[in-house]
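Here's a quick briefing to read alongside the model. Have the sequence and the 3D view open as you go.

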Amino acid sequence: MKFLKTWSVISLILLFNPGNIFSQTSLTEEKKADILSLMEITRASEIGSQFATAIMQQMGAVMKNSGTALPDTVIGIIQEEVIKIVKEEAFKEDGLFSMVIPIYDKYFTHDEIKELLKFYKTDIGRKTISVMPSLLQESMMAGRLWGQSLAPLIKERMIKRLKELGFDADPLERI
C-alpha cells in the first residue's frame with residue numbers, strides 16, 4: 001500500500017511538472033548527430049542486439065519452465081524476429097536511442113562529445129572499443145566471484161549482529 005501511495009505521488013509530480021523530465025535544452029541537432037556518431041563508433045548502438053539476446057534468454061527460460069520444447073529451427077526464427085524488431089524499434093523517434101541521447105546530453109557537453117569522437121578514432125580508442133566488451137564481461141565475472149566469496153563473512157556478521165541486538169538469527173543460520 002505504501003508503494004502505491006509513493007508511486008501515486010511521483011506520478012502526480014511528473015504529470016503536473018511544468019518542465020518535461022526529458023527536456024533537451026542543450027541538445028542541438030549538431031550535438032545530437034555527434035552523440036549518434038559516438039554511439040555508433042563505440043558500438044553502443046549494438047545495445048539492441050544485447051536487448052534481443054536478453055529477451056530471448058528470458059523467453060527461453062519461460063518456455064523451459066513451462067515445459068514447452070521448441071525445435072532449434074523455431075527458436076532460430078523467433079530469435080531472428082526479436083532481433084529485427086528490437087533493431088527497427090530502437091531507432092524510431094520514440095525508440096531506445098531517443099531516450100538515450102538525452103542521457104548523453106546530460107553528462108557530456110558538446111565539446112566533450114567531440115573530444116570523445118576524436119579519442120575513439122585513435123588507435124588506443126579503437127582498441128578500447130574492441131576490448132571493452134570482454135573486459136567488462138570478465139570484470140563482472142570477477143565481481144560475481146568476489147561477491148560470492150564474501151557471502152559466508154556477510155552471513156557470519158549478520159548472525160552475530162542480530163544476536164547481539166536480541167533478534168532471532170535462526171532463519172539466517174539455516175541458509
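A quick word on terms: helices (H or I, at least four residues) and strands (E, at least two) are DSSP runs, numbered from the N terminus. On that basis, the chain has 8 helices and 0 strands. Keep in mind that this is a predicted model.

**The chain overall**

- Reading from the N terminus, the elements go α-α-α-α-α-α-α-α.
- The chain has 175 residues, and 17% of them count as buried.
- Its accessible surface is about 13800 Å², with 63% of that belonging to carbon and sulfur atoms.
- If you take the contacts with a separation of 6 or more, 63% of them are between residues 24 or more positions apart.

**How α2 sits against α6**

- Two packed helices are described by the angle between their axes and the distance between the axes.
- For helix α2 (residues 29–41) and helix α6 (residues 110–120), the axes come within 10 Å and cross at roughly 30°.
- Angles under 35 degrees count as roughly parallel, so α2 and α6 are roughly parallel to each other.
- The crossing of α2 past α6 is left-handed.
- On the α2 side, the residues that meet α6 are Glu30, Lys31, Asp34, Ile35, Ser37, Leu38 and Ile41.
- Their partners in α6 are His110, Ile113, Lys114, Leu116, Leu117 and Tyr120.
- Sorted by class, this contact of α2 with α6 holds 7 nonpolar, 2 polar and 4 charged residues.

**How α2 sits against α5**

- α2 also packs with helix α5 (residues 96–107), here at an angle of about 105° and with the axes 10 Å apart.
- An angle of 65 to 115 degrees counts as roughly perpendicular, and α2 and α5 are therefore roughly perpendicular to each other.
- From α2, the residues involved are Lys31, Lys32, Ile35, Leu36, Leu38 and Met39.
- They meet Phe97, Val100, Ile101, Tyr104 and Asp105 in α5.

**One backbone angle to look at**

- Most residues other than glycine have a negative phi.
- Arginine 43 has a positive value, with phi near 65°.
- You'll find arginine 43 in the loop between α2 and α3 (47–65).

Key: Residues numbered from 1 in each chain as written. Predicted model: local features only at pLDDT ≥ 70, side-chain atom pairs only at ≥ 80, totals over all residues. Heavy atoms only, no water. Axes fitted to C-alpha atoms, helices over the stretch in contact; angles between N-to-C directions. Parallel < 35°, antiparallel > 145°, perpendicular 65-115°, else oblique. Left-handed = near helix turned anticlockwise from the far one by under 90°. Contact = heavy atoms within 4.5 Å. Nonpolar A, V, L, I, M, F, W, Y, C, P; charged D, E, K, R; others polar. Buried < 20%, exposed > 50% of the residue type's maximum accessible area, 1.4 Å probe, protein only. Areas by Shrake-Rupley, 256 points an atom, 1.4 Å probe, with all protein chains shown as cover.
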